Amino acid sequence: MRRVYLDHAATTPVDPRVLEAMLPYFRERFGNAGSIHAWGQEARGAIDHAREIVAATIGATPSEIVFTSGATEADNLAILGTALASEGKGHIITTRIEHHAVLEPCRFLESRGFEVTYLPVDRYGLVDPDEVRRAIRPDTILISVMHANNEIGTIEPIEEIGAIAREHGIPFHTDATQTVGILPVHVDALKVDLLSMSAHKRYGPKGVGALYVRQGTPIAPILRGGSQERNRRAGTENVPAIVGFGKAMEIAQEVMAEEAATLTRLRDRFITALLSLGEVTLNGHPTCRLPNNVNVSFKGMDSESILLALDLRGVAASSGSACTSGTLEPSHVLEAIGLPPEIAAGTVRFSMGRATTEEDLDYVVEALSEILELARVR
Ligand SMILES: *Cc1c(COP(=O)(O)O)cnc(C)c1O
């Protein structure tokens with residue numbers, strides 16, 4: 001049976017070249033980057049090199065990169081770190097479609113006296129920059145809007161929002177986990193002060209990522225107990241993972257333009273084929289969307305049964321719904337774009353990757369056509 005992995009928005013396989021680059025740092029180059037001896041200096045050098053590559057990928061300077069355990073920690077550091085650095089209380093602006101790694105720290109801060117505005121989005125999942133402008137208050141300490149949504153793939157007008165944030169002197173954070181290494185991301189062009197990224201969504205290892213912190217942006221550490229990362233994130237550096245992250249970004253920079261073009265072509269062909277199955281609707285923006293994201297709703301179906309039936313046919317995809325205690329609760333993102341619960345219940349996300357082929361996608365369309373036919377005669 002053919003096996004087709006279409007869940008690259010959840011995670012990607014480690015590129016063999018990334019693994020090769022990492023291995024020496026598990027073996028002979030095992031030093032602690034904080035040590036003064038040769039072993040330590042070797043590790044330090046490797047981290048510095050990775051930091052340069054990661055910085056260059058987003059147009060930053062190396063000192064503005066804080067390595068973390070991933071994008072979840074980067075998001076937490078951006079939001080909690082900004083709150084901790086602010087004097088007393090304050091107001092945060094974010095959106096209803098953020099990743100939980102942004103929403104949960106915001107909710108936590110609300111329970112501690114901060115105020116948060118969760119901006120709505122339109123039916124494509126787009127945030128209106130004018131709404132951001134209108135939400136700004138004298139006590140606003142942070143604006144956080146994701147670069148591209150991980151469920152529906154919509155790419156947000158970050159530059160415009162960045163310009164508004166800058167006009168008001170408010171730090172601007174974006175979660176760019178789904179875009180770094182797949183689309184051009186430049187912190188000056190986007191006008192962002194804080195930017196979260198992760199290695200494992202781009203063929204790097206899990207458990208490593210970074211927060212870009214523009215020079216001068218006030219942020220307090222959430223992990224204390226060491227002077228690593230210029231006192232911004234304590235803890236012995238995960239040298240092999242950081243090296244792998246650097247290598248993954250180096251490869252991404254080389255292949256990005258061609259990869260995005262290929263994926264966009266595959267994506268649009270796949271969308272056309274899916275829509276022709278009948279009673280299928282596309283979620284997210286038709287053109288302002290990630291090259292590798294296809295999110296569709298199958299009318300009258302439930303996503304869990306589609307995913308199980310696909311899994312039996314060797315296909316991996318993911319659902320837009322989280323199954324909570326037996327009841328299907330629509331995801332906050334599908335709710336925010338106004339999808340009726342019965343349509344949201346039949347939503348599936350397909351996310352393609354470097355190895356995805358036309359034949360893979362034809363196979364998936366064929367499998368889905370079978371699955372729908374079986375379900376609809378019943
Ligand atoms: C995957 C993802 C995260 C979490 O990243 P980890 O590195 O797995 O912690 C955060 N935000 C977005 C948009 C994501 O897609």
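Me: Which backbone atoms come within reach of the ligand, say at Ala71?
Reply: In this predicted model, a backbone N or O atom of Ala71 lies 2.9 Å from an oxygen atom of the ligand.

Me: And what do the side chains of Ser198 and His200 do there?
Reply: Ser198 places a polar side-chain atom 2.6 Å from an oxygen atom of the ligand. For His200, an N or O atom in the side chain is 2.8 Å from an oxygen atom of the ligand.

Me: How much of the ligand's accessible area does the protein cover?
Reply: On its own the ligand has 390 Å² of accessible area, and the protein covers 87% of that.

Me: How many residues are around it, and which come nearest?
Reply: There are 13 residues around the ligand. Those that come nearest are Thr72, Asp175, Gln178, Ser198 and Lys201.

Me: What classes of residue make up that shell?
Reply: The shell around the ligand has eight polar, three charged and two nonpolar residues.

Me: Which element gives the largest share of the shell?
Reply: Helix H3, which covers residues 71-85, contributes three residues, and that is the largest share.

Me: Where does Tyr203 lie? And is Tyr203 buried or exposed?
Reply: Tyr203 belongs to the loop between strand E7 (194-198) and strand E8 (209-213). Tyr203 counts as buried because its relative accessibility is 6%, and the cut-off for buried is under 20%.

Me: What about Arg230, what is its phi?
Reply: Arg230 also is a residue other than glycine with a positive phi, near 50°. The place of Arg230 is in helix H8, residues 228-231.

Me: Is Arg230 buried or exposed, and why?
Reply: Arg230 is exposed, because its relative accessible area is 60% and exposed means over 50%.

Me: Let us go to helix H2. Which atom does the side chain of Thr57 approach?
Reply: A polar atom of the Thr57 side chain lies 2.7 Å from the backbone oxygen of Ile53. Thr57 lies in helix H2, residues 38-57, and counts as buried at 13% relative accessibility.

Me: What does the side chain of His285 reach?
Reply: The His285 side chain reaches the backbone nitrogen of Thr287 at 3.0 Å. His285 is found in the loop between E9 and E10 and counts as buried, with a relative accessibility of 13%.

Me: Where is Leu290, and how far is Leu290 from Thr117?
Reply: Leu290 lies in the loop between strand E9 (280-282) and strand E10 (293-298). From C-alpha to C-alpha, Leu290 and Thr117 are 26 Å apart in space, while in sequence they are 173 residues apart.

Me: Is Leu290 buried or exposed?
Reply: Leu290 is buried, because its relative accessible area is 1%.

Me: Last one: how far is Asp188 from Arg233?
Reply: Asp188 and Arg233 are 45 residues apart in sequence, and their C-alpha atoms are 24 Å apart in space. Asp188 lies in helix H7, residues 187-190.

Me: Why does Asp188 count as partly exposed?
Reply: The relative accessible area of Asp188 is 38%, so Asp188 is partly exposed. That class lies between the buried cut-off of under 20% and the exposed cut-off of over 50%.

How values were computed
Residues are numbered from 1 along each chain as its sequence is written. This is a predicted model: local features need pLDDT of at least 70, side-chain atom pairs count only at pLDDT 80 or more; totals for chains, interfaces and linings use all residues. Side-chain values use heavy atoms; hydrogens and water are left out. A residue is near a molecule or strand if one of its heavy atoms lies within 4 Å of it. A polar contact is a pair of N or O atoms within 3.5 Å; within protein, one must be able to donate a hydrogen and the other to accept it, and residues adjacent in sequence count only if both atoms are side-chain atoms. Accessible areas come from the Shrake-Rupley method with a 1.4 Å probe; for residues, only the protein chains shown count as cover. Helices (H or I, at least four residues) and strands (E, at least two) are DSSP runs, numbered from the N terminus. Ala, Val, Leu, Ile, Met, Phe, Trp, Tyr, Cys and Pro count as nonpolar, Asp, Glu, Lys and Arg as charged, and the others, Gly among them, as polar. Buried means under 20% relative accessible area, exposed over 50%, partly exposed in between (1.4 Å probe, protein chains only).
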